[in-house]
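Subject: Structure handover and notes

Dear colleague,

I am passing on the structure that we talked about, and my notes follow below it. Please read them with the structure open beside you.

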Amino acid sequence: MTALLEVQDMSVTLKLAEGEMTAVQDVSFTVDRGETLGIVGESGSGKSVSSMAIMGLLPRGTRTDATTLRLGDVDLLSASEDEMARMRGNKIAMIFQEPMTSLNPVYTIGRQMTELMQLHKGVSGAQARARAVDLLEKVGITAAESRLSQYPHQLSGGLRQRVMIAMMLMNDPELIIADEPTTALDVTIQAQILNLLKDLQKELNIALIIISHDMGVVARVSDKIAVMYAGQVIETGPVSDVLHAPVHPYTQGLLESIPVPGQIEPGGALGSIPGLVPSLKTRFKGCRFANRCQRVHDNCQQGPVALQEAGSGQAYRCVLTPAQLRDGTPSLSARDAGDGSYGKGINMDASPVLQAIDAGCTFQVKQGMFSAAKPLRAVDNISLDLRKGEVVAVVGESGCGKSTLARMLLGLQEPTAGKIILGGQDIAGLSDMERSRKLQSIFQDPYSSLNPRRTIGEIIRRPLHLHGVGNVAEQRAKVDTIMERVGLPRSFYYNYPNQLSGGQRQRVAIARALILNPEIVVCDEPTSALDVSVQAQILNLLLELRAEMGLTYLLITHDMAVVEHIATRVVVMYLGRVVEVADTHTLFSNPRHPYTKALLKSVLTPEPGAGVPSVDLGTAYPNPINPPSGCTFHPRCEFASDICKAKAPVLESLSTTHQSACHMLEEEMA
Amino acid sequence: MQTTANAVAAMADDIIDLTPKERMIRKAKSHLGFQFGAFIVISFALIAIFAPLFAPHDPYVQDLAKRLVPPVWAEGGSWEHILGTDHLGRDYLSRLIYGARVSMGVGFGAATLGCIIGVTIGLVAGYLGGRVDQAASFLLTCQLALPSLLLAMALVFFVGSSVTTLIVVLGVLHWQYYMVVTRTLTRQIRSLEYVSAARSIGSNDRQVLFYEILPNLFNQIIVVFSLEMAVVIIHEASLSFLGVGVQPPTASWGLMIAEAKTMMYFKPYLVVIPGAALFLLVLAVNLLGDGIRDITAPESRN
């Protein structure tokens with residue numbers, strides 16, 4: 001019996017102004033009904049291009065070659081544009097990353113769902129509507145009938161992704177390609193969507209391809225896995241074999257560079273793969289990973305490397321044998337692996353350097369042109385101390401107010417209640433200059449945090465210029481020193497940000513933040529826009545610099561694995577309030593608030609076949625403009641009782657380092 | 001060691017170690033559009049400034065005996081009047097050369113004035129938002145609702161017509177597109193992280209506006225400038241045609257087209273020649289604008 005989808009030696013060539021670029025080379029895989037293939041890789045590895053090639057959605061001027069590219073008994077390579085259009089509606093369905101933009105905002109859900117089916121299957125409107133209602137119920141949407149007349153903007157991100165999935169099922173596809181289906185969703189919603197996809201796939205016997213940069217997602221839902229690097233599949237096989245016994249040095253390094261809760265001692269260095277993902281415009285002679293590989297030797301550049309069998313369906317692309325590759329040589333560079341001593345010897349004293357005292361921030365939001373403005377409490381009465389040398393992490397899902405809190409602490413957003421104290425003085429009374437000498441920030445998106453019109457040198461030198469530190473030659477010398485410290489070559493001085501990769505840009509942002517020798521650095525999601533192997537490099541750099549310069553960090557993030565790795569204390573936020581505060585070890589070993597427990601449960605470590613833990617948080621994240629009464633978490637809490645609906649809990653001390661706000665704990669203590 | 005050597009070699013391929021100025025010069029040398037645009041604009045400007053040196057005749061002297069002499073390439077043309085003469089027997093080439101003074105002066109002057117007004121209002125409105133933005137948008141709506149040609153006529157009529165008046169009046173009436181473009185982009189850029197980053201390193205509003213935001217609007221402003229310049233030159237022609245612009249016998253390309261309108265079907269060269277000059281100037285300004293954009297933009301366009 002042959003597989004449903006068969007891809008053999010597929011290459012995709014894009015035409016660029018300066019010549020051709022092979023985005024995907026010699027990719028082969030098969031997927032059968034009821035089977036899940038996970039494709040994992042960093043940005044630019046060619047994983048999305050491969051799926052677009054199967055769908056026939058690549059732009060004109062792109063050439064797809066393959067020895068076999070077949071779905072069922074249809075040859076996708078020779079199919080005409082009309083045939084492909086019919087295939088796309090009926091047999092292959094694709095779920096995109098961004099549920100906000102993949103639904104058309106001007107049509108109702110019902111119209112978008114039924115249109116496709118009426119077009120392809122020629123059924124009546126009523127039949128199509130009945131099926132739409134049926135499927136919406138199947139994907140777990142309540143009051144499905146009434147949803148059909150709603151517009152996409154009326155639904156939350158998680159619901160939209162469910163609608164997207166239901167829509168794709170309308171015509172009974174045989175193959176579903178999900179391209180980063182949960183990347184844009186909150187962690188607590190991610191588990192629900194993954195479980196839903198998995199259940200539906202089993203029930204309807206569909207072939208599923210999941211494409212993701214997240215090893216955790218791929219490991220837990222796939223049967224087979226293909227690891228892509230620079231346009232090639234460099235390792236493939238059954239998911240448990242590949243993840244438990246990776247052969248290729250890249251796979252080994254990738255797995256080691258993921259922070260796994262409970263495995264690394266806090267403050268220790270993460271393993272990281274040195275260097276950068278190569279540009280696909282590079283002319284490769286041999287192995288594409290060679291310049292980052294710790295086992296590189298002369299044979300690597302002797303010509304293209306073919307996939308080698310490693311037994312039980314596992315294959316890899318390397319010149320060495322599996323035995324040689326599994327000899328225990330570390331796959332990470334010595335410098336980047338560190339000695340795990342970053343956290344030690346840092347003097348943490350008890351004096352707070354930055355404090356929020358009953359700070360709150362309320363925005364007035366107008367929903368329509370004529371409706372009265374409503375208050376939106378982005379941050380509600382938060383008190384927080386940041387002591388010298390600490391790394392405090394503020395975690396929570398999008399919309400919990402963590403970014404507003406960060407902006408308030410940075411002095412960029414004036415609190416509407418309470419105050420922020422920096423080094424004993426109210427931050428509102430400090431000038432921009434005084435404030436910025438002590439307090440600096442690193443932003444989330446290295447693509448928008450650097451002015452595209454300024455060179456790297458100008459960007460890093462700017463704070464010195466603004467503060468009038470030294471003359472131009474001295475400033476230039478300082479810039480050179482710090483560029484070297486953060487690992488940027490001097491030659492970047494005259495480059496523009498667009499010539500740098502994401503990780504390099506983030507290094508520039510770090511250099512800019514540190515050049516004034518601040519005491520405190522606020523890091524707003526410093527690694528969430530970066531690739532896994534680069535994320536580890538940046539986290540290590542932050543830890544090293546903290547030890548060297550005696551910095552205090554406030555880390556804003558949603559990634560629990562990163563938190564456990566670098567934070568000393570954790571603050572969990574929900575809808576503008578703090579629900580739990582504890583030192584990192586306590587929080588991870590003994591979480592008390594139901595929301596913290598759910599957050600911890602939703603961390604997906606790369607454990608093959610472990611399945612996705614069901615995080616039962618019921619409804620979606622509430623709209624902050626209409627927060628629920630009492631404890632704002634009660635509609636999603638399985639332990640909620642009457643008191644939770646009536647009265648908001650306050651933060652109770654469970655120990656000197658652990659506080660939580662929950663009525664259940666109050667009862668326990670009483 | 002080999003890995004580092006490889007990495008360094010790979011980097012050296014990607015990164016050219018040139019200062020921004022050197023890179024700009026290098027790009028300018030290989031940008032044909034920029035070179036052509038700059039050549040035409042600069043030559044036109046030189047011709048306009050040194051008009052008396054270039055003009056073969058006095059542009060105001062009428063010679064009714066030699067009216068409507070065709071250009072040299074047509075039947076009956078002569079080298080004495082290379083581009084022929086107009087309906088009053090004035091040398092057309094000389095008028096074209098002197099006309100460049102008015103057309104280019106008004107075009108650049110009014111477009112620059114409008115640019116300064118529009119960009120200022122747009123920057124302030126977009127950056128501050130709120131009531132300032134509402135007020136600016138109201139002003140824009142009012143301006144768009146008024147028939148600008150009529151308003152220009154009225155203003156010129158009251159103040160009295162001269163080239164300076166034309167520049168001021170047309171400039172004051174042509175700021176809307178700059179404002180709309182600047183305001184929208186400023187609003188977008190204001191929410192980007194590099195503006196937050198600039199504030200967190202201690203920049204004040206003025207530094208954010210001029211160092212972070214304004215340079216990023218340059219591309220779009222140049223495009224609007226080259227379009228507006230063409231519009232302003234045409235508007236000057238309309239005003240002159242209606243009798244409130246440049247007063248005869250002063251020459252301007254717009255006025256030349258206007259005067260020749262009645263003879264368009266019998267002596268087409270009277271319209272075609274100043275029209276071609278206008279076309280060439282507007283084209284050159286557009287090419288120059290695009291060229292400057294390509295050369296100064298950090299991203300390499302292909």
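Before the first pairing is described, one term is needed: two strands pair if DSSP finds at least two bridges between them. Helices (H or I, at least four residues) and strands (E, at least two) are DSSP runs, numbered from the N terminus. Please keep in mind that this is a predicted model, in which local features need pLDDT of at least 70 and side-chain atom pairs count only at pLDDT 80 or more, while totals for chains, interfaces and linings use all residues. Residues are numbered from 1 along each chain as its sequence is written, and chains are lettered from A and ligands numbered from 1 in the order in which they are written.

**The eight-stranded sheet of chain A**

In chain A, eight strands make up an open sheet with mixed pairing, and their order is β19-β20-β21-β16-β22-β23-β25-β24. At its edges lie β19 (439–442) and β24 (652–655) of chain A, each of which pairs on one side only. On average, neighbouring strands of this sheet are turned by 20° against each other, direction ignored; here axes are lines fitted to C-alpha atoms, for helices over the stretch in contact, and angles run from 0 to 180 degrees between N-to-C directions.

Contact means that the C-beta atoms of two residues, placed from the backbone, lie within 7 Å. A further helix, α22(A) (residues 594–601), also packs on the sheet, where it touches β16 (391–395), β22 (569–574) and β23 (577–583) of chain A, and its direction makes about 105° with that of β22(A).

A residue is called buried if 20 or more other C-beta atoms lie within 10 Å of its own, exposed if 12 or fewer, and partly exposed in between, with C-beta atoms placed from the backbone. In a regular strand the side chains alternate between the two faces of the sheet. In β20(A) both faces are covered, with I520(A), V522(A) and D524(A) buried on one side and V521(A) and C523(A) buried on the other. β20(A) also pairs in the parallel sense with β21(A) (residues 552–557) over five bridges, and there the bridge partner of C523(A) is L555(A).

Just after α1(A), G56(A) takes a positive phi of about 70°.

**Two helix pairs of chain B**

In chain B, helix α11(B) (residues 205–242) packs against helix α13(B) (residues 269–296) at an angle of about 175°, with their axes 9 Å apart. The two are therefore roughly antiparallel to each other, where angles under 35 degrees count as roughly parallel, over 145 as roughly antiparallel, 65 to 115 as roughly perpendicular and the rest as oblique. Residues that meet here include F218(B) and I222(B) of α11(B), and L278(B) and V282(B) of α13(B).

Helix α5(B) (residues 92–128) and helix α12(B) (residues 253–260) pack at an angle of about 125°, with their axes 7 Å apart, and are therefore oblique to each other. Their contact is made by R95(B), G99(B) and S103(B) of α5(B) together with W253(B), G254(B) and M256(B) of α12(B).
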